[in-house]
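Good morning, colleagues. Please look at the model on the screen while I describe one part of its fold and the space beside that part.

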Amino acid sequence: METLTQTADDRRQRALAALAEKPDGVIEQIAAKADVTPAEVLAILPEGAAMLVPSEHWEPIWKDLTSWGEILMIVHTDDIVLEVEGSLPEGSEGHGWFNIHGDSPIGGHIRKERCVSIAFVDRGFHGRRSCSVWFMNAEGKAMFKVFVRRDKERNLLEGQVSRFEALRLSAI
């Protein structure tokens, strides 16, 4: 048992050191540098920067996100960071998938049952505030993320910031 505790402490210390080097950097890059999961990095962010809710909140969160207008969806793997702007389709369950199709470039099939938690992330990113909703899997990685969009001056869209803050408060 003591070895497990030391291992957890070691992982936390590595994560803290990597985060200290680039506190407003890409979470996945910080996690890779520390050899920990993105979830472990989210867990050590300053208080309030990452708030988790159980995946049972999927439906009301998804439903709210579909009403935000155009958002930025990011899928970040070791091999690609895919960014797509568009509105989130409502989606429906079928054939073991959560299927999203509609008049948006965002579409496909999600293994919804793999989502174990949803994180509301509000933190600095490369010197600017960033607000996003992360759908997390059991491996401690984001399945995908939904970001508040920016205007042409790179400022967050205020209406979406208000929606993000209200959704975060209603989900916790």
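The model is predicted, with local features needing pLDDT of at least 70 and side-chain atom pairs counting only at pLDDT 80 or more, while totals for chains, interfaces and linings use all residues. Residues are numbered from 1 along each chain as its sequence is written, and side-chain values use heavy atoms, without hydrogens and water.

Strands here are DSSP E runs of at least two residues, helices H or I runs of at least four, numbered from the N terminus. Strands pair if DSSP finds at least two bridges between them. β7 and β8 pair in the antiparallel sense over 10 bridges, with Ser117 opposite Met136 in β8. β8 also pairs with β9, again antiparallel, over five bridges; there Ser132 stands opposite Phe147 in β9. Of the 10 residues of β8, eight are buried, that is, under 20% relative accessible area with a 1.4 Å probe, protein chains only.

I turn to the pocket. On a 1 Å grid over the protein atoms alone, a pocket is an open set of points where a 1.4 Å probe fits, with protein on both sides within 12 Å along at least five of seven lines; lining residues have an atom within 4 Å of a point. The largest pocket is lined by 27 residues, with Leu72, Ile74, Phe125, Ser130 and Phe147 nearest its centre. β8 gives the most to this lining, five residues.

Terms used: Buried means under 20% relative accessible area, exposed over 50%, partly exposed in between (1.4 Å probe, protein chains only).
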